[in-house]
Amino acid sequence: MRDQLKTEAEQPPAVPGQRRQVPAATPAPATAPPAAPVRRAGARPERTEMADRLAYLDSATRRINSALDLAATLRNIGRVLVPTLADAAVVHLRDPLPNVEREPGFPEELRIHHSTGTRIGRRGRPSGLDDRRRSRYGARSTADGGPATPVTRGGALAHALLSRRPAEAAVLGTPAAERAETLLRELYGTRGVARLAAGTSVLALPLRGRKAVLGLLILIRRPPERTGRPVFDAADTATAAHLATQAGLAVDTALRYAREWEIANELQRSMLPLRLPQSHGVRIAQRYLPGERGAQVGGDWYDAVPLPGNRVALIVGDVMGHSLTSAAIMGQLRTSAQTLAALDLPPHEVLYHLDEQAQRLGREQHLATCVYAVYDPIANRVVMANAGHVPPVLVRPDGIAELVELDSGAPIGVGGVDFNSVELPAPPGSALLLFTDGLVETRTRPISDGLEMLRARIAAARWQSPEQLCQEALRILPPGDRGDDIALLGACFDGIPAGDVAHWYLQPRNETPGRARRLAAHTLRRWGLDELSEATELMVSELVTNAVQHATRPVTLSLVRTARLRCEVGDDSPLLPRPRRTGPEDERGRGLQIVARCADRWGATRLGTGKVVWFEQRLPAGM
């Protein structure tokens, strides 16, 4: 049993005129309410009782409003009411939970969301109060009270929800309790009401939010002969009404917070890529785990951007802070990083321009950390730069894992800081794991210990794919809620054999298109791709002809054979080609139309020193 024993001094102040209840075990609050004031000699009893009641109201109000999570708020409501003010408390809320930012209209149905000191809501229809021992030895709570209870217009339940008159306590078994018994039958059925003994005192209090009623609070006291304390009197009713008002506002706040959190979380997730591109020569997987609800949303992001030459840029970043602003800044930086990556700038230049972009966003905005890496499967090299981020883990083909020693630099947004790129070998069989600090830093574990634990885990585990690599990394997380979100990007490097790559530098001369056709045809024959030779020669000729017309430096021609045949033609002109409509008399402008018709995919990418126009074709069956 998880309940903890509480001493007499730890109990909430007793309501004046009532015998203090001392349960053998009740859930311990995060901050124990103050003990009841000691009566001073000569003090008037009425004044002391009023001081006790005000102290109770003060501590109970603070406790009810101490959480933003709905479940925690409902638990706090139950704990301040039971056993100090009532023997049992049941919270009914609208079903479904309303949007508190607008008027939800008439409450059509209610559902039990929390019960304390009673079995109500544990299984389907309520079965009445617990026996005395269960009530005294621990509160029972539930998040799902079985089927919803319809609210009949004009009925006792609707009257209790919508009435503006002060609540009145009812003692079951008396003539004045007819309306209360009807209300209880609507909520719990005839069988549930029959389990309540005559003399039981009941209070029904609406829970009103800022714009509408959100639910109903039921308070129950057992008959005086069983507990030794009287039924609800006028002072108890006023105390309960005040706490119900606070409870309604706290529930309203929790629902507003939950809605804002969901909006912010959805905004953040919408800014992350749904799928990452799978480039040839590298396998990529990602994981994203949001932090606990109380931490709000963060600014962690990941991305992978295909680059010319079958290279790929791998990016992981983290905007400092947890707020809607952090998620918005993350989206801006991720978009900027994609644009800069497409320009094929060196990693340190990308970070430099990201830092400039953060400066333009304003110094009052959040700082961010980032690791940017570019993997070349042909050269089997990876180039990385770091902006104040945790170091990535590089795994060698023999399984040895090490933290990459990068110049960490300063976070993005500081300004005036140089970033450096580091080039490392990445032979086939190696892997790289990029991650945010939420993976290695927790409330009880320093980041240095987390980094070493992650390195050791990856080195000792047997994994074969990037998905398994990410899964092994997440195994170092301790159980329980996370205070920060986590983003991981795992990449397994397979490389592209040198025999499947052909690359040439061609001078921009009139005879160059003809030479490019011959080189392409010879390479395709060597690869056994004669079926693609005719279409490939035609497209290569068109692209090289266009490049020669605009280039002032040597033109590049590349052919790469993977699961597809990819051809790239590069020149130093930044002008991207655009398809255009041509008339019957036009002699030019049909080159890109031919490429678009013959190729499966094609495109153009602007680089820092010019552009690359590329096309891809499927390999013949059986290749």
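This is a predicted model: local features need pLDDT of at least 70, side-chain atom pairs count only at pLDDT 80 or more; totals for chains, interfaces and linings use all residues.
Trainee: Which strand order does the open sheet of six strands have?
Mentor: The order is 3-2-1-6-5-4, and the pairing is antiparallel.

Trainee: Which strands stand at the edges there?
Mentor: Those are strand 3 (149-150) and strand 4 (170-171). Each has a single partner strand, so one side of each is left without a neighbour in the sheet.

Trainee: How many bridges join strand 4 to strand 5?
Mentor: Two bridges join strand 4 to strand 5 (residues 201-208), and the two strands run antiparallel. Ala170 is found opposite Val202 in strand 5.

Trainee: Which strands does helix 5 touch?
Mentor: Helix 5 (residues 178-194) packs on this sheet and touches strand 1 (88-94), strand 2 (109-116), strand 3, strand 4, strand 5 and strand 6 (213-221). Its direction makes about 115° with that of strand 6.

Trainee: Now the open sheet of five strands: what is its order?
Mentor: Its strands follow the order 8-9-10-11-14, with antiparallel pairing. Strand 8 (299-307) and strand 14 (421-425) are the edge strands, each pairing on one side only. On average, neighbouring strands of this sheet are turned by 15° against each other, direction ignored.

Trainee: How many bridges lie between strand 10 and strand 11?
Mentor: Strand 10 pairs with strand 11 (residues 381-387) over seven bridges, in the antiparallel sense. Val374 has Val383 in strand 11 as its bridge partner.

Trainee: What does helix 9 touch?
Mentor: Helix 9 (residues 347-361) packs on the sheet and touches strand 10, strand 11 and strand 14. The direction of helix 9 makes about 25° with that of strand 11.

Trainee: Changing topic, how many aromatic pairs are there?
Mentor: The count comes to one aromatic pair. Tyr375 and Phe493 form it, stacked at 3.9 Å centre to centre with 10° between the planes.

Trainee: Where do Tyr375 and Phe493 lie in the chain?
Mentor: Tyr375 is in strand 10 (residues 368-376) and Phe493 is in strand 16 (residues 486-493). The pair links distant parts of the chain, 118 residues apart.

Trainee: And at what angle do helix 13 and helix 14 pack?
Mentor: Helix 13 (residues 533-550) packs with helix 14 (residues 591-598) at an angle of about 150°, and their axes are 9 Å apart. That makes helix 13 roughly antiparallel to helix 14. The crossing of helix 13 past helix 14 is left-handed.

Trainee: Which residues meet there?
Mentor: From helix 13, Leu538, Met539, Glu542 and Leu543 meet Gly591, Leu592, Ile594, Val595 and Cys598 in helix 14. The residues of this contact divide into seven nonpolar, one polar and one charged.

How values were computed
Residues are numbered from 1 along each chain as its sequence is written. Side-chain values use heavy atoms; hydrogens and water are left out. Axes are lines fitted to C-alpha atoms, for helices over the stretch in contact, and angles run from 0 to 180 degrees between N-to-C directions. Helices (H or I, at least four residues) and strands (E, at least two) are DSSP runs, numbered from the N terminus. Angles under 35 degrees count as roughly parallel, over 145 as roughly antiparallel, 65 to 115 as roughly perpendicular and the rest as oblique. A crossing is left-handed if the near helix is turned anticlockwise from the far one by less than a right angle, and right-handed if clockwise. Contact means heavy atoms within 4.5 Å. Ala, Val, Leu, Ile, Met, Phe, Trp, Tyr, Cys and Pro count as nonpolar, Asp, Glu, Lys and Arg as charged, and the others, Gly among them, as polar. Two strands pair if DSSP finds at least two bridges between them. Rings of Phe, Tyr and Trp (its six-membered ring) pair if their centres lie within 6.5 Å; planes under 30 degrees apart count as stacked, over 60 as edge-to-face and the rest as tilted.
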